[in-house]
Amino acid sequence: MEHKNYKAFPNNFLWGSASAAYQIEGAWEQDGKGPSVWDTYTKQEGTTYKGTNGDVAVDHYNRYKEDVKLMAEMGLKAYRFSIAWSRIFPEGSGEINEAGLQFYDDLVDELIKNNIEPLITVYHWDVPQALMDKYGAWESREIIEDFDLYCQTLFNRYGDRVKYWVTLNEQNIFVGLGYRSGVHPPGVKDLKRMYEANHIANLANAKVIQSFRKIVKDGKIGPSFAYSPVYPYNSDPKNILAAENAEEFNSHWWMDIYVWGKYPEATWNYLEDNGLAPTIEDGDMSLLADAKPDFMGLNYYQTTTVEFNPLDGVGEAKMNTSGKKGSSQDSGVPGLFKTITNPFLGTTDWDWTIDPRGLRIALRRIANRYQLPVLITENGLGAFDDLEADDSINDDYRIDFLETHVEEIQGAISDGVDVLGYCTWSFTDLLSWLNGYQKRYGFVYVDRDEEGPKDLRRLKKKSYFWYQAVIKANGLVNRK
């Protein structure tokens, strides 16, 4: 839609930013924390860029007051952060580590003191290593009760102060990269195991939403989904069908379950025909249907363009984790779809398409299909940033990226979408999982690299001041 005038952002719009525990906290063995799968996985040779890990990360655990002070100076309205499960339950269940609970108590209180709404993500990929060793983590239904116990502990501890909660962050990514591509823990390639683990994660997600309803009466909860809207390469019906396939397999498969408690039929039939369908036990589907979220969390970075892929066509291919532009390869599922370069869009150095309008399309599709408010839980640009001699970081490219995306959010609001807030990824620079520290996302530059933590100084980038002005104005300043 084109509008003569855009609607204003709501007065209570949550202008925020985001992070994840393993990527920022460090202190991996401090104050009784147990190891997560990422503490173990990153120490295996060849798993990450230049062997980087989160042992120190950007030391947020010991510098959180400094980081919150920077958030307050910016005027941030909301901060989304995750809790490290093994900091609360070092063994995944059993004895609680009070020091871990106290750290997040202190962080929540510091945020509230500075008028920043805390948004808690209960799971951002760092399952305790003890549960992986004990029963394979997400591959066992035992995790449903352990995850529920962990989440109930958090709800009871922080629910009086924290009203926005995210359950599973990017379930499609952690099961896909863990079991399809084999580049995240547990590092295997087995589609049957992937779909079984994914179903168990769905059940765990539903279980904790049920528990949340009993404990936090006045809060809102929902999953955070990594959604890349799919475009057909052109109007050839073969490519239109390929796009339908990709949208259903890569997106509806997860979001339909979250909202409706049902798997898409075409995808289910395909999995059954190929011996990949997950095991459904008595009570599973009723549990899933009884846990509708309050909002859909949207992690948006790019769109995907696809074309027809024959039965003997392209499968999984190489990812770009080095930042060498053009080093990724097209991939797909034979008989369903394959990716192809969109000639209308540019890309980042990591070959992610840059498509601001795709965010508006994502918001529209989610709102129309699921009739839920949307909380944008991640959106940002990973890039190489240069630290100048005067300690300035002139990241105009990041400002342009974010500004064009914010404009499309306002367009979606004008179209009628209920958008609760916008959390950029990320507030400070952080560890980018497989990509090391060179792929920077933050408004705040952290002086460290792959060789070591250096002095970990926090330096405000040019984009910091841009977002500060946006928040103050409750929208884009001098928008054309």
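Helices here are DSSP runs of H or I with at least four residues, strands are runs of E with at least two, and both are numbered from the N terminus. What you're looking at is a predicted model, where local features need pLDDT of at least 70, side-chain atom pairs count only at pLDDT 80 or more, and totals for chains, interfaces and linings use all residues. Residues are numbered from 1 along each chain as its sequence is written, and side-chain values use heavy atoms, with hydrogens and water left out.

Let's start with the loop between α8 (171–180) and α9, which is where P186 sits. The peptide bond from P185 to P186 is cis, with omega near 5°.

Move on to α9 itself. At its start, a side-chain oxygen of D190 comes to within 3.2 Å of the backbone nitrogen of K192. How far apart are the end C-alpha atoms of α9? They are 36 Å apart, and that agrees with the 36 Å its 25 residues should span at 1.5 Å a residue. The expected span is worked out as 1.5 Å times one less than the number of residues in the helix.

Now for α11 (residues 265–273). Its buried residues are T267, W268 and L271; buried means under 20% relative accessible area, exposed means over 50%, and partly exposed is in between, all with a 1.4 Å probe and protein chains only. Seen down the axis of α11, these buried residues fall within an arc of 100°, so they line one face of the helix. That arc is taken from the directions from the helix axis to the C-beta atoms. As background, an α-helix has 3.6 residues a turn, so residues three or four places apart point the same way. Over on the other side of α11, E265 and D273 are exposed. What covers the buried residues of α11 includes α9 (191–215) and α10 (237–260), with contact meaning heavy atoms within 4.5 Å. Just after α11, G275 takes a positive phi of about 70°.

Positive phi turns up at non-glycine residues as well. K50, in the loop between α2 (37–41) and α3 (60–74), has a positive phi of about 55°. A137 also has a positive phi of about 55°, and its loop runs between α6 (129–135) and α7 (142–158). Are these two residues buried or exposed? K50 counts as exposed because its relative accessibility is 55%, whereas A137, at 0%, counts as buried.

Finally, look at the loop between β14 (419–425) and β15 (444–446), where you'll find S426. The peptide bond from W425 to S426 is cis, with omega near 10°.

Technical notes. A polar contact is a pair of N or O atoms within 3.5 Å; within protein, one must be able to donate a hydrogen and the other to accept it, and residues adjacent in sequence count only if both atoms are side-chain atoms.
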